[in-house]
Amino acid sequence: MKKYLCLLICVFMVAGLFTACTNEEAATTETTEASSTEETVEEATEATTSETELTGEFKIGIILPLTGSYAEHGVGQQTAYEMAIEEVNASGGVNGKTLVAQFEDSGGDAVVSSELMRKYIEDPDIMMVFGDYDSGTCLADAPIAQENQMPMLSPSASNANVPLTGNYIFTMVGVQQDEQRYVAQYAMQKYFGAENIGIVYLDNSWGTTLFENLSLGAEACGLNMVITEPIAAGETDFSAVISKLRQSDIDTLFIGLQISEGAAMVNQMVQTGYNEEVNVVLSGALYTNQFIELTGENCEGLIITQPFFVSEDNEELYAWQEEYYSRCDLYPSMMTADAYDAIMMCAEAINAAGAETRDEVRDAVSQISGYQGITGEITFDGIGTVHRTQYLITIEDGKWKMLYDPSYASDMEFYDFGIVQ
Amino acid sequence: MYIVEQLINGLCQGGIYALIAIGFTLVFGITGLVTFCYGEIVMMGAYGSYFVFQWVGLNVPLAMLGAFLFSAFIGFFVYKICYERFLAVPHQISLLCTIGMSTLLTNLAQLVFGLETKSMPMLMAGMNIQIGEIRITYLQILIIGVVVLLCLFLSWFLNKTRIGAALRSVKQDRVATELLGIDSSRVMMIGNCIGSALGGIAGILYCISYMSISPTLGTSVGRIGFSAAVLGGLVNIPWAAAGGVIIGILENLSIIWIPASFRSGIAYVFLIIVLIFLPQGIASRKKRTKL
């Protein structure tokens, strides 16, 4: 018995060691993957070097969450970055050099992310940093990047305070002011004919910003906000919240939650039959396959807004999506497609300007205007962000389906920050 | 009517908490050792049921059996590793061991079952009883029914069976029990397994109620179970169950007056209040120890 017991303890300890080191291992893995990515990129590049004669390296740093609750988005972004880097190198690289990316995993943790930013800043060969994924981590990274004059571009942070940090900081997914104005005016009011609305949002930096901007949008178009309810991250029980929503007698509900909380709430709404009493609009963060997997049939007919949608009619974009899917077994979202566009447009801008220093790279990126990417037209405004139009999307037969393209909101007024950096 | 509906929500949620608190109390009552890996045993039991659902389909009794057996199995090894060797030494050693075991079980679950949240099957979707403005779902009735049945069964088991008598005997005086020829270590192991198995049932009820399961659910569930059990001084089963129900009801009623994001703090406020005014639990005020 003692032998078995010892053996069991050993198994537990080894298992624990493996997982306890998950983050470190993940980070190491990412470094390894980064190396292998670099190798892949280098291999891909070597194949074309003979034709384009690339000499030297143009290095960039990439921070993204490959573990933790945003891992699916992080993995997707890494795939998109890799696809873009391969394309850039295949078509001549950056300034005649091989574009080389160093990937690091932040796990969605602001402290880790800011440490990685410092690490990149200390490396004189890194010319620009892409990432992190979410606004919370980017708000931690941005002041550090700005203070050290490191150009930083997050493909997915939507909090306007990120680019407002300074003139070295850029975002491109659009700002929540625009997105939430669209949600209020077009998804809720125009599509559903909403009058009395409820908002359930995550009680963190992202959720609170989302809530504040949706409140502004709802107020601007005359919607009556009957009930607003903050939800703690990781909440699983929504029965009390659903009872509270039910007695508030709203006609349309906005669910501003992340995947695990959002899926739990949608499932429990169906469980209690509340889904039949209210129209539902989802936050853009739920535009993932994982959300559909977690909710199954319960998410059918729900509405979501996104600035990016792949239609089979667009053959080139559809082929890109298929290539992307074959690499990571995920469908692209705005957050991940933006990562692809970020590399492609920055490479083009840097090449055009012949930028060789961080300051020159910043200047080149800030001049980007009218770039036609897979996510649409990209022009940086005065504060270093992009104003995006939205698609109105639903879920049908377990798949995302476009209801209306951006022309549905052709009269929409974008938010004016009134500031030029 | 709205308050009544929230009361029913609280009763359902509190029932699950009560089951966790009962299991926790049973483990502490028999072994005399505090465990900090009970939430993880609950989580493991829930995963046991998840895989039964995956393999045999929507069979709730079989899934409960799977949760019961799997968590009892985990409880057996927890006993062997964290308790058996440390019965005669200061209790802090086994307590620290259970803290380590808690991390190990969570990590093991993350490794084996995956990091991501998984979806549990939906039972009786949209089926409910409407009484005036009050709506009670069939699932809530099922959960409350299972909890009540298990409590009755446990009461019968502890008071009317030979093993139950042995468990109560070990609780009262382990040395005297051994002098009667009863293998106290074996009895304690059985008690620990039964307490763990109850946690497994609570795990499946928790997960089918919220339709999701993740390797980290044990942390919050364990803390709530501990907070509820404190009302019974960690040894009194009825008061531990009452603690669970009270926390569940308070969590659900609180949402009427405070934002939902603050309600997770209710269990800890409850714990602090009980520790300040009833540090030995309600049982100690009545000058009797009841298993």
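Let's start with Q290 of chain A. Buried or exposed? In this predicted model, Q290(A) has a relative accessible area of 17%. The cut-off for buried is under 20%, so Q290(A) counts as buried. Where does Q290(A) sit? It lies in helix α10 of chain A, residues 289-295.

Step back to chain A as a whole. Chain A has 421 residues, and 60% of them are buried. Its secondary structure comes to 13 helices and 14 strands. Next, contacts between residues at least 6 apart in sequence. Of these, 71% join residues at least 24 apart. The accessible surface of chain A is about 16300 Å². Carbon and sulfur atoms hold 48% of that surface.

Now two helix pairs. Two packed helices are described by the angle between their axes and the distance between the axes.

Pair one is α6(A), residues 176-191, with α7(A), residues 205-220. The angle is about 50°, and the axes are 8 Å apart. Roughly perpendicular starts at 65 degrees, and roughly parallel means under 35. α6(A) and α7(A) are therefore oblique to each other. The crossing is right-handed. Which residues of α6(A) meet α7(A)? They are Q176(A), Q177(A), Q180(A), R181(A), V183(A) and A184(A). From α7(A), the partners include W206(A), T209(A), L210(A) and N213(A). L214(A), G217(A), A218(A) and A220(A) of α7(A) also take part. By class, this contact of α6(A) with α7(A) has 7 nonpolar, 6 polar and 1 charged.

Pair two is α12(A), residues 334-353, with α13(A), residues 358-366. Their axes come within 9 Å and cross at roughly 115°. That makes α12(A) roughly perpendicular to α13(A). The crossing of α12(A) and α13(A) is right-handed. What does α12(A) bring to the contact? C346(A), A349(A), I350(A) and A353(A). On the α13(A) side we have V361(A), A364(A) and V365(A). How many residues of each class are in the contact of α12(A) with α13(A)? There are 7 nonpolar, no polar and no charged residues.

To recap the pairs: α6(A) and α7(A) are oblique, and α12(A) is roughly perpendicular to α13(A).

Note on methods
Residues are numbered from 1 along each chain as its sequence is written. Chains are lettered from A and ligands numbered from 1 in the order in which they are written. This is a predicted model: local features need pLDDT of at least 70, side-chain atom pairs count only at pLDDT 80 or more; totals for chains, interfaces and linings use all residues. Side-chain values use heavy atoms; hydrogens and water are left out. Axes are lines fitted to C-alpha atoms, for helices over the stretch in contact, and angles run from 0 to 180 degrees between N-to-C directions. Helices (H or I, at least four residues) and strands (E, at least two) are DSSP runs, numbered from the N terminus. Angles under 35 degrees count as roughly parallel, over 145 as roughly antiparallel, 65 to 115 as roughly perpendicular and the rest as oblique. A crossing is left-handed if the near helix is turned anticlockwise from the far one by less than a right angle, and right-handed if clockwise. Contact means heavy atoms within 4.5 Å. Ala, Val, Leu, Ile, Met, Phe, Trp, Tyr, Cys and Pro count as nonpolar, Asp, Glu, Lys and Arg as charged, and the others, Gly among them, as polar. Buried means under 20% relative accessible area, exposed over 50%, partly exposed in between (1.4 Å probe, protein chains only). Accessible areas come from the Shrake-Rupley method with a 1.4 Å probe; for residues, only the protein chains shown count as cover.
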